[in-house]
Amino acid sequence: MTTTVKIDIDNPSQLETVLAFIEKLGLKAKVSKNGSAASDMDEDTYLFSSKKNKERLIKSLDNIEKGENLIELDLDLDEFVKKYVH
């Protein structure tokens, strides 16, 4: 499973802050200028290669289907950084 988040920023330090937050959550992020289907397939294969990670992803998908344990963000990037990043 791949989730794409598009951020249009002129300040690279903001991107670094968001990436640091993602890492604190125990997630992995890949930054690219333009995505491609081939790279998405590689990411899916990688994410499902670990039994523990596969179980975590399946549980997350189940939560999404049930509408449980979700966090909804309706913030611009500056508000997101102020609220969630130390």
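So, where does aspartate 76 lie? Aspartate 76 sits in the loop that runs between α3 (51-66) and α4 (77-84). Quick reminder before I go on: this is a predicted model.

Okay, aspartate 76 first. Its relative accessible area is 42%, so it counts as partly exposed.

Now let's step back to α3. How far apart are the end C-alpha atoms of α3? They're 23 Å apart, and with 16 residues at 1.5 Å a residue the helix should span 22 Å, so the two agree. Just after α3 comes glycine 67, which takes a positive phi of about 70°.

Next, charge pairing. Side chains of opposite charge can pair when their charged atoms come close. In this model, the count comes to one salt bridge. Which residue does aspartate 62 form a salt bridge with? The partner is lysine 66, and the closest N and O atoms are 3.2 Å apart, which falls within the 4 Å cut-off.

Both aspartate 62 and lysine 66 belong to helix α3, and they're four residues apart, about one turn of the helix. An α-helix has 3.6 residues a turn, so residues three or four places apart point the same way.

And are the two partners buried or exposed? Aspartate 62 is at 32% relative accessible area, so call that one partly exposed. Lysine 66 comes in at 52%, so it counts as exposed, the cut-off for that being over 50%.

That's what I had, so over to you for questions.

Note on methods:
Residues numbered from 1 in each chain as written. Predicted model: local features only at pLDDT ≥ 70, side-chain atom pairs only at ≥ 80, totals over all residues. Heavy atoms only, no water. Helix = DSSP H or I, 4+ residues; strand = E, 2+ residues; numbered from the N terminus. Buried < 20%, exposed > 50% of the residue type's maximum accessible area, 1.4 Å probe, protein only. Salt bridge = Lys/Arg side-chain N within 4 Å of Asp/Glu carboxyl O. Expected span 1.5 Å × (residues − 1).
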